[in-house]
Amino acid sequence: MKAGMLLLCWMFAAPVLAQQPVLFDWFEYSGKDAVFETPLPEGSYRNPVLAGFHPDPSIARAGDRYYLVNSSFAFFPGIPVFESTDLVHWRQIGNVIDRPSQLDFDGLGMSRGVFAPAIEYHDGIFYVVNTAVDSGGNFIATATDPAGPWSDLHWLPTIGGIDPSLFFDDDGRTYLLNNDAPVGKPRYDGHRAIWMQEFDLAKMQPFGPRKVLIDGGVDPSKNPIWIEGPHIFKRDGWYYLHCAEGGTGPQHSQVILRSRTVWGPYTPYENNPILTQRDLPADRAHPITNAGHADLVEAADGSWWATFLASRNYGGVHYNTGRETFLLPVEWKDGWPMILEPGREIAYAAPGPSFMSRTDTQAPSTGNFIWRDEFDKPVLDRAWTYVRVPKQPWADLTGHAGQLAIRPLVEGLDTLRNPAFLARRQQHTRFEASTALRMPVEAGTEAGIAAFQNETHWYFLGARRKGKGIELFLEKNGGEGRRIVAASTLPGLESLKLKIAGDGAEYSFGFDAGQGWQWLKQGEDGTLLSTDVAGGFIGAVIGPHARIAQEERQGASE
């Protein structure tokens, strides 16, 4: 049974909620960024290859296919798995975390949960190593089919820190790497080390001595910060150890070292970093920042490529689309790989691999496009995700043909549990997202469309019955608690269209009550949905939401 069906079966095995559902007829998302308007030259592809919140990419090749995983933090299903035949066109095929029995994120902020995963393929088995921050620690999951199902989690209780990965040597030995605190007391804030220990695949546990490979970073005299995301690969008798360094903000970078023996000592490349954007002018047009956390792969034709995270900024420091997945070729020079020479900007369009498809489109992974869900399939599209793990069966695609039925919950968007909110990534700086809903007959339900960064930073454009009419309202939480910023009373109606439009820092909220689109509120501050304002490591998401009205929630709690 596939992962999506497993989740569906679990969801609808639980008791049915009493509250009447809200029916959503469709949901549409469209993006039109200026950087995607330029026609692609023949044989080129667009960056990012996975637009919107897709951080910490890790990649592995199995034959002529490539598999990529991303961080998902407290969203569920977790750790999306993508497949490609050419490194450019990606299709999500599953999730490593797709069962409530594997992990639970209740009580966690949205930027906790599952951090940077690392994927490897060895002897017919796929391995994903990961850290469940504040929810269990480090673990390994395995699968023979990357689409799933993935195994229950093999916990690694002796391994602290974050960012574990596996290296399979050609002598049959396996090693586990990770970031952790250094030996003794850290010398400064951000002082970390890269550790390695041999690993027993049969027992799924490390064994033997554990050794520090890097203490601090490639140049300890400069007190480098946050060495993390370690990977080892072997080429021409050299062991290459590459890591992220400098933190996940504007100083982010990728560095590399090498050794003739797996245990080192590792010598840093004199031209480090092999990837960064920190040395570029801050006032450049359409800046790409935060580049780092790379993973390298050798393609079937012998070429080398790197996937890595970076962000597309507006207003200098803001990015609502989170940290995205980019792709660049790797050039080998004197036995060292270089992803991007110092001083060069990451290209929004670049020549693709020789084996790249010339007919497939990259949409809806990147570029400008219109995406629409008519809710006419038996299971949810993989574009949808949940905020934490659902505990009740509030989403239904089978009971009302061609409609998504959402039963409202007591939890609102500010909960540390699971609200009745389906989330789709914001992939563009300039976008529109809209939906059509049918209001429930009973009062006490609030439903509409939300733009969400985390539990303390969001907008909710909602509607509720008020007497014989409908009250339309815009609710906002910018870190200081929820408040209503606009409201309007509409005559009684059964269906309503709602829309959120974003353009950089400006978000506008509209409705169509049968007389065409009108604005309830324009020019609201969209920077509260940016990662730099909201904090954490994720990007904004948008989707339908339903909840029990506040007075009803208070009554229920009393």
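Before sorting any side chain, I wrote down the cut-offs: buried is under 20% relative accessible area, exposed is over 50%, and partly exposed is in between, with a 1.4 Å probe and protein chains only. I am working on a predicted model, where local features need pLDDT of at least 70, side-chain atom pairs count only at pLDDT 80 or more, and totals for chains, interfaces and linings use all residues. Residues are numbered from 1 along each chain as its sequence is written, and side-chain values use heavy atoms, with hydrogens and water left out.

**Entry: salt bridges**

I counted a salt bridge when a side-chain nitrogen of Lys or Arg sits within 4 Å of a carboxyl oxygen of Asp or Glu. Searching the whole structure gave me 33 salt bridges.

I looked up Glu 341 and found its side chain in a salt bridge with Lys 333, at 2.4 Å from N to O. Glu 341 is partly exposed at 24% relative accessibility, and Lys 333 is partly exposed too, at 31%.

Next I checked Arg 312, which forms a salt bridge with Glu 324; their closest N and O atoms are 2.8 Å apart. Arg 312 lies in strand β23 (residues 304-312) and Glu 324 in strand β24 (residues 324-333), so this pair ties together parts twelve residues apart in sequence. For the strand labels I used DSSP runs of E, at least two residues long, numbered from the N terminus. Are these two side chains buried or exposed? Arg 312 is buried, at 4%, and Glu 324 is buried as well, at 0%.

Then I took Asp 236 and Arg 235, a salt bridge with 3.5 Å between the closest N and O atoms. Asp 236 counts as exposed at 61%, while Arg 235 is partly exposed at 23%.

I also noted a network of salt bridges that links Glu 446, Arg 464, Lys 466, Glu 471, Glu 475 and Arg 547.

**Entry: cavities**

My rule: on a 1 Å grid over the protein atoms alone, a cavity is a set of points where a 1.4 Å probe fits but cannot get out, and lining residues have an atom within 4 Å of a point. I found one cavity of 30 Å³ or more. The largest cavity holds about 50 Å³, the volume being the space filled by probe spheres set on the points.

Which residues line the largest cavity? Among them are Pro 57, Ser 58, Asp 163, His 231 and His 293. Strands β13 (162-168) and β17 (228-235) each supply at least two lining residues.

Conventions. Helices (H or I, at least four residues) and strands (E, at least two) are DSSP runs, numbered from the N terminus. On a 1 Å grid over the protein atoms alone, a cavity is a set of points where a 1.4 Å probe fits but cannot get out, and a pocket is an open set with protein on both sides within 12 Å along at least five of seven lines; lining residues have an atom within 4 Å of a point.
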